[in-house]
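Open the model in your viewer and keep the selection tool handy. We'll hop from stop to stop, picking out residues and seeing what sits around them.

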Amino acid sequence: MKLAEALAERGDLTRRVEHLKSRILTNARHQEGESPAEDAASLLLELEEVLDRMEVLIRRINRTNTAAPLGDASITDALARRDMLRVRHRVVSAAADAASGREQDRYGRQLRSELVFVAALPVRDLRRRADELARQIREIDLQVQKENWDVELLD
């Protein structure tokens, strides 16, 4: 099995867990004298089986990501780099939005005597930085996705 296939299965299992959880909560209580639509106890057993499969799969994915080279690092290293680039991108974008007064602009200035706000940060530079960070994130995503289809999942 390729790493990409395991990742797709993990996504399916994650959705299945949420679906089972919802069904369990819906059927956990019922009116006296009535029968629930489904047996919550059997749904819980099914959930346990899905979670066991998911745990095995996640362990194998993590082992594979750690061992699989991506350039001069591992896939795990690339994912950590991508996650930090995403945090940087969110912060830089939010700073640019705040400095540009994006939220205040929709109210507008009504009187000459109202306070005037000026940017304390270089908005244009922040937008360029955010664009560069987004480009780096896309590059890492593409490299990781390509590698996911080339690497066999480890046991």
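Start by selecting Asp12 and Arg15: the two form a salt bridge, with their closest N and O atoms 2.5 Å apart. (A salt bridge here is a side-chain nitrogen of Lys or Arg within 4 Å of a carboxyl oxygen of Asp or Glu.) Both residues belong to helix α1, and being 3 residues apart there separates them by about one helical turn. Helices (H or I, at least four residues) and strands (E, at least two) are DSSP runs, numbered from the N terminus. An α-helix has 3.6 residues a turn, so residues three or four places apart point the same way.

Are these two partners buried or exposed? Asp12 is partly exposed, with a relative accessible area of 44%, while Arg15 counts as exposed at 55%. The cut-offs are under 20% relative accessible area for buried, over 50% for exposed and partly exposed in between, using a 1.4 Å probe and protein chains only.

Before moving on, a word about what you're looking at: this is a predicted model, where local features need pLDDT of at least 70, side-chain atom pairs count only at pLDDT 80 or more, and totals for chains, interfaces and linings use all residues. Residues are numbered from 1 along each chain as its sequence is written, and side-chain values use heavy atoms, leaving out hydrogens and water.

**Along α1**

Now select residues 3-27, which make up α1. This helix has 25 residues and reaches 36 Å from its first C-alpha to its last, close to the 36 Å expected at 1.5 Å a residue. (The expected span is 1.5 Å times one less than the number of residues.) Color its buried residues, among them Leu13, Val17, Leu20 and Ile24. The buried residues of α1 pack against α2, α3 and α4.

Ala8 is also in α1, but at 44% relative accessibility it counts as partly exposed. For a sense of scale, draw a distance from Ala8 to Glu18: they are 10 residues apart in sequence and 16 Å apart in space, C-alpha to C-alpha.

Next, pick Arg53 and Glu9. They form a salt bridge with the closest N and O atoms 2.8 Å apart. Arg53 lies in helix α2 and Glu9 in helix α1, so this pair ties together parts that are 44 residues apart in sequence. Arg53 is partly exposed at 29%, and Glu9 is partly exposed at 22%.

Then jump to Arg127 and Asp97, whose salt bridge has its closest N and O atoms 2.9 Å apart. Here Arg127 is in helix α4 and Asp97 in helix α3, so the pair ties together parts 30 residues apart in sequence. While you're there, select Arg82, Asp83, Arg86 and Asp141, which salt bridges with shared partners join into one network. How many salt bridges does the structure hold? There are 15.

**Into the core**

Time to look inside. The largest nonpolar core has 27 residues, and Leu57, Ile61, Ile75, Val144 and Leu153 touch the most other members. (Such a core is a set of buried Ala, Val, Leu, Ile, Met, Phe, Trp, Tyr and Cys residues joined through side-chain atoms within 4.5 Å.) The elements giving two or more residues to this core are α1 (3-27), α2 (40-67), α3 (75-100) and α4 (123-150).

Zoom in on Val144. Setting aside neighbours within four places in sequence, Val144 is in contact with Leu70, Ile75, Ala78 and Leu79; contact means heavy atoms within 4.5 Å.

Glu147 is in helix α4 too, and it is buried, with a relative accessible area of 17%. Beyond its neighbours within four places in sequence, Glu147 is in contact with Pro69, Leu70 and Ile75.

Select Thr64 in helix α2. It is buried, at 1% relative accessible area. A polar atom of the Thr64 side chain lies 2.8 Å from the backbone oxygen of Arg60. Leaving out neighbours within four places in sequence, Thr64 is in contact with Leu3, Val151, Glu152, Leu153 and Leu154.

Finish with α3. Its 26 residues should span 38 Å at 1.5 Å a residue, and the end C-alpha atoms are 37 Å apart, which agrees. The cover over its buried residues includes α1, α2, β1 (69-70), β2 (73-74) and α4.

Methods
Polar contact = N/O pair within 3.5 Å; in protein donor to acceptor, adjacent residues only side chain to side chain.
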